[in-house]
Amino acid sequence: MKDFDREYMLDQLEKLLAIDSTSGQFREMQDYIQAEMERLGFEPKTLRKGGIWCDLGGEGNSLCLLSHLDDIGLMVRHIYPDGTLKVVPIGGLRACAAEHENVRVYSRGGVYSGTVQRINSCVHVTPADVYNAAADYDKNICIVLDADVHSAEDTRALGIRTGDIIALDPHFTMAGDFIKSRFIDDKACSAVLLTLMKHISENHITPARNITAYFTFYEEILHGGSWIPPQTEDLIALDIAPVGPEQTSDEHKATIFAKDSRFPYHVELTNELVDAAERAGVDYEIDVFTPGYGTDCDPALQAGYDVRHAAVGHGCLASHGYERTHIDSLRELYKLLAAYALGE
């Protein structure tokens, strides 16, 4: 196997994290991925609803490698009389994980910055029981705009309306070989998939079987994989492997998923991935994820596609919050994909 292109992967990850792509907000990200695919020499196709895929070559027994590029975020629910914004989550963003974050409000009149704050935000002028209550979008959380607004009318004059999408700052940084950011789920897997595509292109590899690469934009709201490339026979989702007290996943290893909160993964395809990992010397674990976890394989099965399905990923700490992974895990995930898809 060719060496893992660490620099390209990190460069792509940083670029992907810099593009706001809250579920439903796909256009800028899709345009970027399309341009990168074309630069690598592929011919991408787009979905009407948002989504992009391309054929990586090979014939027969088509394998689709699928990763998502949408983020969890917020939406304007209501404008309070003082001009601050009531919000609802898009995807599984808990209020406690959003509190104090800088945001961008994408209105029809422009993009405005702001901060997720308590309605009573100052500890010095707020009773302790009120300030210490759990963060709750309906009760005590709002967006304070970085604009001179004092009323709902002032805010509406900026063009901000109910239904506007709100993106959170990712805060990408590296501490040695640890990667810290929001939205590592699933932009790290997407960067790894792009790195595999670069390897195929630069080395003029014709896979032994047909392979497609597919990036979805609705995984966080549960319908990203409801359409898959029509020739697909095997579907492998690339997604984060959450690290926790009862999990085997590790920030330094790849993970092969046995089950998520909805379904077990296809036993035969999962075993093929295990065999490929063993042959290639991949540092990996097998894990089960419950509750509340799923991948883009799940809507594909629910849509009735007759495919074998599996999922692989990299160990990641603090899912749906300020996440952390390690370059080792991304390298091992790349090795696993190259071993299974390309026989390297």
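This is a predicted model: local features need pLDDT of at least 70, side-chain atom pairs count only at pLDDT 80 or more; totals for chains, interfaces and linings use all residues.
Student: Is Leu13 buried or exposed?
Tutor: Let's compare a value with a cut-off. A residue is buried when its relative accessible area is under 20%. Leu13 has 0% relative accessibility, so Leu13 counts as buried.

Student: Which residues is Leu13 in contact with, leaving aside neighbours within four places in sequence?
Tutor: Good one! The contacts of Leu13 are Phe172, Ile179, Lys187, Ala188 and Ala191.

Student: How are α1 and α2 arranged, roughly parallel or roughly antiparallel?
Tutor: Start with the angle: α1 (residues 6-17) and α2 (residues 27-39) pack at about 155 degrees, with axes 11 Å apart. Angles over 145 degrees count as roughly antiparallel. Therefore α1 is, relative to α2, roughly antiparallel.

Student: How many nonpolar residues does the contact of α1 with α2 have?
Tutor: On the α1 side, Tyr8, Gln12, Lys15 and Leu16 take part, and α2 brings Met29, Tyr32, Ile33, Glu36 and Arg39. Sorted by class, one residue is polar and three are charged. The number of nonpolar residues is five.

Student: What span should helix α9 have at 1.5 Å a residue?
Tutor: Helix α9 covers residues 327-342, which is 16 residues. The expected span uses one less than the number of residues, times 1.5 Å.

How values were computed:
Residues are numbered from 1 along each chain as its sequence is written. Side-chain values use heavy atoms; hydrogens and water are left out. Axes are lines fitted to C-alpha atoms, for helices over the stretch in contact, and angles run from 0 to 180 degrees between N-to-C directions. Helices (H or I, at least four residues) and strands (E, at least two) are DSSP runs, numbered from the N terminus. Angles under 35 degrees count as roughly parallel, over 145 as roughly antiparallel, 65 to 115 as roughly perpendicular and the rest as oblique. Contact means heavy atoms within 4.5 Å. Ala, Val, Leu, Ile, Met, Phe, Trp, Tyr, Cys and Pro count as nonpolar, Asp, Glu, Lys and Arg as charged, and the others, Gly among them, as polar. Buried means under 20% relative accessible area, exposed over 50%, partly exposed in between (1.4 Å probe, protein chains only).
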